[in-house]
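These are my notebook entries on one structure, kept in the order in which I looked things up.

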Amino acid sequence: MILYTAMPQELVYQTDPQEYSQQLMVSYNGIPVLAERTEDHNYRVVRVMSTDPSHFLEAGCTPGTKLPLV
Amino acid sequence: MNMNNNNYASGNQRGQHYGENPSFQQGNNAPGNPGGQEGHKDEKSGLLEKIQQLGQTNVPQLSQDSKIHCLTIVGQIEGHLQLPPQNKTTKYEHLIPQIVAIEQNQNIEGLLVILNTVGGDVEAGLAISEMLASLSKPTVSLVLGGGHSIGVPIAVACDYSFIAETATMTIHPVRLTGLVIGVPQTFEYLDKMQDRVINFVTRNSNISEEDFKELMFAKGNLTRDIGTNVVGSEASDFGLIDEVGGVGQALKKLNELIELNKDKNEGIIQ
């Protein structure tokens, strides 16, 4: 399909509303992190939202780690 | 007219609204490892490794509360519309409580703001800027990569600002996306909004209103747009940013400001 339009791409292909619910804010041992849901119903850390630099050294919540659901 | 779409960004993005997800408390991850036996084995060998390497189980950590906190402003500054998750955004509902917490926490003595943003919502950007400008603790900003559009007031809101040699800042007129009513009042409204940005920048930096407006309405610098792209030392030459530098200089300056702030507070007590 070839499109020839002045409409911006994101208007032509609008985001599936389901995509929005993939990410949520989680508190990991008091550290606010942004996590996304993976296929196996786990959560993977996307971003550490804290301003404390020491929280970025915390191995348990570096971006990419899976958060186990207890 | 939809007031929510006052976009001041060098990119042009649209988003849809969706509700805020509730956050939940994540339990301690140490013993409840779902990996079962294998996970347990890994944990044990990790502990052994630490004992072998360091002769102890505790790895030295930063002190519990660092006295300098770091606020990163990346991607697009998100306003009242939530952008799709593939966009990297800075959300004001995340930043503002953090700034309040920094103001209240006695152990935090200074704030380093790191910017690499394309701009975004005018009102959200100005909200963050005003919060930073009114913070009673010393603040230093560092523009890395880009601090475009509404990133400019955020960068100048801090007590002292740095820009990396290769970093750029685009200064251009405010624009509106979404539904616009074609009446002269729309233009006046936009002009007023632009004045808010100009007033904030000239109040918080050494650039004059004439200079800033000249940069904002310059022709021929940007493709298909009016405005100017100032790189590193140019920004400091105009007085927009205080100095060209990196993270080392920024932290050194912040520590200096913290010492000054301490002396001032002690003076009041005596």
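**Conventions.** I am working with a predicted model, in which local features need pLDDT of at least 70, side-chain atom pairs count only at pLDDT 80 or more, and totals for chains, interfaces and linings use all residues. Residues are numbered from 1 along each chain as its sequence is written, chains are lettered from A and ligands numbered from 1 in the order in which they are written, and side-chain values use heavy atoms, with hydrogens and water left out.

**Entry 1: chain A, overall.** I looked up the secondary structure and found two helices and four strands in chain A, where helices (H or I, at least four residues) and strands (E, at least two) are DSSP runs numbered from the N terminus. Along the sequence they come in the order α-α-β-β-β-β. For the radius of gyration, taken over C-alpha atoms, I noted 17 Å for chain A, whereas a compact globule of 70 residues would have a value near 11 Å; the globule rule is 2.2 Å times the number of residues to the power 0.38. Along the principal axes, the C-alpha atoms of chain A fill a box of roughly 50 × 30 × 15 Å.

Entry 2: I recorded an accessible surface of about 4300 Å² for chain A, with 55% of it belonging to carbon and sulfur atoms; the areas come from the Shrake-Rupley method with a 1.4 Å probe. Among the contacts (heavy atoms within 4.5 Å) in chain A between residues at least 6 apart in sequence, 23% join residues at least 24 apart. The mean positions of the 4 positive and 8 negative charges of chain A lie 4 Å apart, with Lys and Arg counted as positive, Asp and Glu as negative, and His and the chain ends not counted.

**Entry 3: the loop between β6 and α4 of chain B.** I next turned to S149(B), which is found in this loop and has a positive phi of about 50° although it is not a glycine. S149(B) is buried, at a relative accessible area of 1%. I150(B) lies in the loop between β6 (139-147) and α4 (151-157) too, and is buried at 0%. Leaving aside residues up to four places away in sequence, I150(B) touches several residues, including Y8(B), I77(B), D121(B), L126(B) and V197(B).

**Entry 4: T168(B).** T168(B) is found in strand β8 (residues 168-171) of chain B and counts as buried at 15% relative accessibility. Among the residues that T168(B) touches, not counting those up to four places away in sequence, are V143(B), H148(B), N229(B) and V231(B).

**Entry 5: R224(B).** Is this residue buried or exposed? R224(B) is exposed, with a relative accessible area of 87%. R224(B) is found in the loop between α6 (209-216) and β9 (228-231) of chain B, and its phi is near 55°, a positive value in a residue other than glycine.

Technical notes
Charge placed at Lys NZ, Arg CZ, Asp CG, Glu CD. Buried < 20%, exposed > 50% of the residue type's maximum accessible area, 1.4 Å probe, protein only.
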